[in-house]
Amino acid sequence: MRKLVSAVLVATLLFTATACTGRSPAGGVDEDPYSESALQYGMAPVPHPDLTYQPDVVLVGGGGRSVRSVTADGLTWRIDGDAPRADDLAPGKVMFVTGRGVGRVLDVQREGGDLLVTIGPVTITDVIRDGTLEKQDIAIEDPVAYQAGEPIWAIPEEEADAALPTPSGRAGRSAPLGLAPLPPRPAQPAPIRGGGEVKSVVANFSTGVSLNSGAEVSFNYNRNGTKLFGRAALTFEQPKAGFYLSIKGGSVARAELSISGGFGVRYSFEAGLQDGQNIKAVLPIPVEFSIPMGTVLGVPLALTISQTVKVTTAFGAKLGTIKGKGEFSLAGSLGYGYANGTFGPQVSKNFQRKESLINSLRGVPVGVMGLLIEHRVRFDVGFSAFVLKAGLFFEVSTAYGTTMGSALGAPLAVCRGVGIGVWASYGVGYTILAPVVNVINKFLNLVKLSPINPSGKLGPAPYRIHSAEEIIPPGTKLCGTPKPSAD
């Protein structure tokens, strides 16, 4: 992973301004979204008379057949230097080669007959100037799992600080054109068809994600006397999605996104420590599930589901255990609409508790045991490749905080507290977790490239779907619960 950190962040999201002239890229025919090249690297854009790209967009011809390889983190794309319009790529342009390779060019390097392209995120209006994209009854099934390995954006900031080379080392002022000599970096592994569990390691946690009867993540931490294991899921059955997006003059005129399927939340956890330390970690899971949709007006689009976990412990002693689980139904459907400059949530709430978290709390806390876990599930419709996403999105954030008072001096009962908050964030554009942006920008600064922005979002403040707090015995101050946040 240390070798990964010092490598160039070269990402692709490729667009060609010549598409505005109606010229078709090489091989510019609509293709099977599940073909080998389309699965590996994404589908190629195809010019369409009813859609106009922005003038600085470069459609690189050949689609996935022009891609030599992509690093596992999804940020460095090696493309054929002789691909149609590849010579038009330059810093400031927007590169569009496939639906998984779209972004603002930060740097271009030639290596033999290939080009290495470093890009940053874009919004969908950075790519499309005029057009109306719409598709309904998108079955969220037959997903494709993409893995990012151990990317630099998934390691803790303090570890990145220690691992990044100094300006006097291999990267920095002495490097030609601001880039360091590249150590070996693993190529992105072949995508996996299906929603079975895919395992990874993030910030010293072992994780696994799946997409079967819901979007589920498991996380396991066992270091220095602290153990934590848990599962969190946004459940659904036979979900379908639909969207509408109208762009006029480079601005969003109207947008709608809806996802049906009967949603619920299920979670469990078990923690223990013996002379251990508290944990505060953000886990951007480096695995995403994508449902290819083919092209709409020649634009390759996909519905992508990604997950993030945040874990914070507040153990007031060096010895103790706590565990619990819960489940509740949440909503029949999720979505939003945007028109005339105004957003509105479209969430059919249906909260019903199936299994009580507070009644399940068990443990032997020698001191106060507090735990806050947040699970985020994000649905993106548009272009997508890990941290580089552009399009419509809807994210559900479920946070649950639990507290158990000390068993010492409490012969009759140990107090218990539970707080649950479910929030929705939605809009058009992109947002990247602050720790992820910080790590990426530290590297870009080191090699003298412009930083990326953490957000390019058109959207309202988070919308509260549900929140509740419960303490047993009621009013016990010791067991006031950690508060889930709305951000």
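How many bridges join strand β5 to strand β6, and do they run parallel or antiparallel? Four bridges link β5 (residues 94-98) with β6 (residues 101-111), and the two strands run antiparallel. One of these contacts has Met95 with Gly103 of β6 as its bridge partner.

A quick word on the model: it is predicted, so local features need pLDDT of at least 70, side-chain atom pairs count only at pLDDT 80 or more, and totals for chains, interfaces and linings use all residues. Residues are numbered from 1 along each chain as its sequence is written, and side-chain values use heavy atoms, with hydrogens and water left out.

Back to the strands (DSSP runs of E, at least two residues; helices are H or I, at least four; both numbered from the N terminus). Six of them make an open sheet, ordered β2-β5-β6-β7-β4-β3, with mixed pairing; strands pair if DSSP finds at least two bridges between them. At the edges stand β2 (57-59) and β3 (67-70), each with a single partner strand, so one side of each has no neighbour in the sheet.

Now the rings. There are 15 aromatic pairs, meaning ring centres within 6.5 Å (Phe, Tyr and the six-membered ring of Trp), with planes under 30 degrees apart stacked, over 60 edge-to-face and the rest tilted. Tyr41 and Trp77 are a tilted pair, because their centres are 6.4 Å apart and their planes at 55°.

| Arginine | Ring | Distance to ring centre |
|---|---|---|
| Arg100 | Phe386 | 5.6 Å |
| Arg254 | Tyr244 | 4.2 Å |

Key
Lys NZ or Arg CZ within 6 Å of the ring centre and 35° of its normal.
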